[in-house]
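Subject: Structure for you to look at

Hi,

Here is the structure I promised to pass on. Have a look first, and then read on for what turned up in it.

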Amino acid sequence: MSDLRQAPAEDDAVPGFWRELGLPGLADVHTHFLPPRLLRKVWAYFDAAGPLVGTEWPIRYRWDDEARVAHLRRLGVRAFTALAYPHRPGMAESLNRWTLDFAAATPGCLPSATFFPEPAAVRYVDEALAAGARVFKVHLQVGGFLPTDPALDAVWGLLADAGVPVVVHAGHAPVGTAHTGPAPFAALLARHSGLTAVVAHLGAPDYAAFLDLAAKYERVGLDTTMAFTSFFERLEPFPAAELPRLRELGLAGKVLLGSDFPNIPYPYAEQLAGLARLDLGDDWLRAVCWGNAAALFDLA
């Protein structure tokens, strides 16, 4: 199993963590970069512990884009995302223009896009794919819609055919809604079984049910975002009985590193330390922190 001395206590120790594992760096599939005005609104929502936050959540990395990108590079994060998500109609297309432009100007950032259930969604998702989008983000909790909304059926079909992954916040955490949980997501997969999807936050708090879906569907995986950190374990503890399955799925390519950077209330290193503390083996850490994302996105 893994050497617990690898667990980095602070961000300065992160490069040593991945070097000890023999990795070329880290690949983080769940980071956020947004238009500045929208990002300020998101941070204000967290500051106020809004109804979908549910707890005090001080943003650790309240910096400008340039400083945050530089920090990821210092950490050795070689591939990351600019996951944006709309909370109402008419937002997604402009978000896509911004995130795709951001990725084009930012080495290491995977071209990212999003969508909302609205008549224009098929058109602008198709345009984003043509422009090179390599990952999409959907936040069912914030967006307030079911994944099976009829307006999205053709969109899911496009993405399934393209084989482009969608990072989906499908779980109830931190605050459940009528649109979240394993049942709506399972209904989506029953319609689009070939969809490449990554379930954010390991599907917390319904970990076992989302592990079931990842085991059942060939192209469904999960990201580790916030899981196993001291902050998140206090709110949504992962069941110890499921750790063997988590290890199995990680070694099968289905668990990927995610962090929620910059919108986290602790150092980035805590995400990696939480994974190391599981003692699931260095091969598992190598797969989760680099190999699985490298295979999914064809990273060199």
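Before anything else, a word on the labels: helices (H or I, at least four residues) and strands (E, at least two) are DSSP runs, and they are numbered from the N terminus. Please also keep in mind that this is a predicted model.

Let me start with the loop between strand S7 (197-199) and helix H9 (207-216), which is where proline 205 sits. Although leucine 202 is not a glycine, its phi is positive, at about 55°. Is leucine 202 buried or exposed? Its relative accessibility is 1%, so leucine 202 counts as buried.

Why point these out? Because most residues other than glycine have a negative phi, and most peptide bonds are trans.

There is another cis bond to look up: phenylalanine 261 and proline 262 are joined by one, with omega about 10°. You'll find proline 262 in the loop between strand S9 (255-256) and helix H12 (269-277). Then go to the loop between H12 and helix H13 (282-297), the place of aspartate 279. Here too a residue other than glycine has a positive phi, near 60°.

Six strands make up an open sheet with parallel pairing, in the order S4-S5-S6-S7-S8-S9. Strand S4 (112-114) and S9 are at the edges with a single partner strand each, so one side of each has no neighbour in the sheet. S9 pairs with strand S8 (residues 220-223) in the parallel sense, over two bridges. If you want to see a bridge there, take leucine 222, whose partner in S9 is valine 255.

Last, a pair of helices. The axes of helix H5 (residues 121-130) and helix H7 (residues 153-162) come within 9 Å and cross at roughly 20°. H5 and H7 are therefore roughly parallel to each other, and the crossing is right-handed. On the H5 side, Ala121, Val122, Val125, Asp126 and Leu129 take part, and they meet Ala154, Val155, Leu158, Leu159 and Ala162 in H7. By class, this contact has nine nonpolar residues, no polar ones and one charged.

Cheers

Technical notes
Residues are numbered from 1 along each chain as its sequence is written. This is a predicted model: local features need pLDDT of at least 70, side-chain atom pairs count only at pLDDT 80 or more; totals for chains, interfaces and linings use all residues. Side-chain values use heavy atoms; hydrogens and water are left out. Buried means under 20% relative accessible area, exposed over 50%, partly exposed in between (1.4 Å probe, protein chains only). Two strands pair if DSSP finds at least two bridges between them. Axes are lines fitted to C-alpha atoms, for helices over the stretch in contact, and angles run from 0 to 180 degrees between N-to-C directions. Angles under 35 degrees count as roughly parallel, over 145 as roughly antiparallel, 65 to 115 as roughly perpendicular and the rest as oblique. A crossing is left-handed if the near helix is turned anticlockwise from the far one by less than a right angle, and right-handed if clockwise. Contact means heavy atoms within 4.5 Å. Ala, Val, Leu, Ile, Met, Phe, Trp, Tyr, Cys and Pro count as nonpolar, Asp, Glu, Lys and Arg as charged, and the others, Gly among them, as polar.
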